[in-house]
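Subject: Structure for you to look at

Hello,

Here is the structure I promised to pass on. Please open it alongside this note, and then read on for what turned up among its salt bridges.

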Amino acid sequence: MGISPTSRRMRLRALTGLGALALAAAGFAAAPAAQAVQDDRPAGEFAGQPHPYRHGAHPVKEAGTSAKPASNNLKYGGGVDGIGVTTGAPKVYLVFWGTQWGTQGTDANGYTTLSGDPKGEAVRAQQLFKGLGTNGETWSGVMTQYCEGVAKGATSCPTGSAHVGYPTGGALAGVWVDSSAAAPGQATGNQLAAEAVKAAGHFGNTTAASNRNVQYVVLSPTGTHPDGFNTPSGGFCAWHDWNGDTTLTGGAAPSPYGDVAFTNDPYVTDMGTSCGQNYVNSGSAGTLDGVTIVYGHEYSETITDQNPAGGWTDATGYENADKCSWNGVGGTGGAQNVAFATGSFAMQGTWSNGVSGCQVSHAIVH
């Protein structure tokens, strides 16, 4: 698969400390201190991550920041199946999975609404991805400094290399409410990947070329626990991967359409402040802060590491957004409101090799 030995490394760590705090915040009793779980995440991130496919897993807030020393910049992983980063304009397809989302409608701005969406996450997600690449925003510019076609282990991109694309005019490419059946109460990694492959067929992306710069965001309805989200074995807010990862629970999902990048985006507000509610904004203005912080986190990691871990990760396996999770509000790299043409959104900073630190703004690199 081309995944680095570091990201494949499996460790046994006691489910204590910050991991236990995360579970308690989520409303669960912490596991006994002596209980050990397999954990592929690097030491210092958070306990309770037993699966190597949880690439770029956005940790719950109680786990703290995953920022690393300035000397630990991202390195190119050499690609998987010839894919390292998203080199064209990124396209995002939103997949609202399951009958639990309820009745579909359309609001005055043309956004899809759903009766089973009590917090309004569906509209907020559409606003976010439609707004990327508009209003001259340079949050996306941070990602464009990365590229593919360089030597494995490279930490910079020469002029003329194939850089990450900028989502000019918006990244949202389509919305699908898959109401063919109820979404699983606890979907496996394989089921999530299979739903993304199904979505590729629905949208007519039936060739490898048509999926080359695409990501499918699989959104599960409130009350569900995809891959253990909002359960004692979770400890994450979202993660991304690709269909061919053989370490997915249930195994890789076959695709007749080439490699398919996807994200497991649960109903983030089910975790409240543990997944970012009111992290930037107070009161009702901050109810959906975590939705845009978490969804933006996974989007940025997908375009810089499309088939994990063939893209850009640091020596411990962190991706660009992992290194800047929950590292405060404001400044050059902390979470803050970013203005797109579709509104103002709470967004986190992402790692910039150019300054060896987190940034929320960077000139667009072509």
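A residue is called buried when its relative accessible area is under 20%, exposed when that area is over 50%, and partly exposed in between. Please keep in mind that this is a predicted model.

By that cut-off Arg54 is buried, because its relative accessible area is 1%. Its partner is Asp227: the two side chains meet in a salt bridge, with 2.7 Å from N to O. Asp227 is buried as well, at 8% relative accessibility. Arg54 sits in the loop between β2 (36–39) and β3 (55–59), while Asp227 sits in the loop between β11 (214–219) and β12 (236–242), so the pair ties together parts that are 173 residues apart in sequence.

The structure has four salt bridges, and two others are worth a visit on your screen.

One joins Arg212 to Glu148, whose closest N and O atoms are 3.0 Å apart. This pair links distant parts of the chain, 64 residues apart: Arg212 is in the loop between α4 (189–202) and β11, and Glu148 is in strand β8 (residues 147–148). Arg212 is buried at 17% relative accessible area, and Glu148 is buried at 14%.

The other brings together the side chains of Asp178 and Lys198, at 3.1 Å from N to O. Here strand β10 (residues 172–178) supplies Asp178 and helix α4 supplies Lys198, 20 residues apart. Asp178 is buried, with a relative accessible area of 3%, whereas Lys198 counts as partly exposed at 38%.

Technical notes
Residues numbered from 1 in each chain as written. Predicted model: local features only at pLDDT ≥ 70, side-chain atom pairs only at ≥ 80, totals over all residues. Heavy atoms only, no water. Helix = DSSP H or I, 4+ residues; strand = E, 2+ residues; numbered from the N terminus. Buried < 20%, exposed > 50% of the residue type's maximum accessible area, 1.4 Å probe, protein only.
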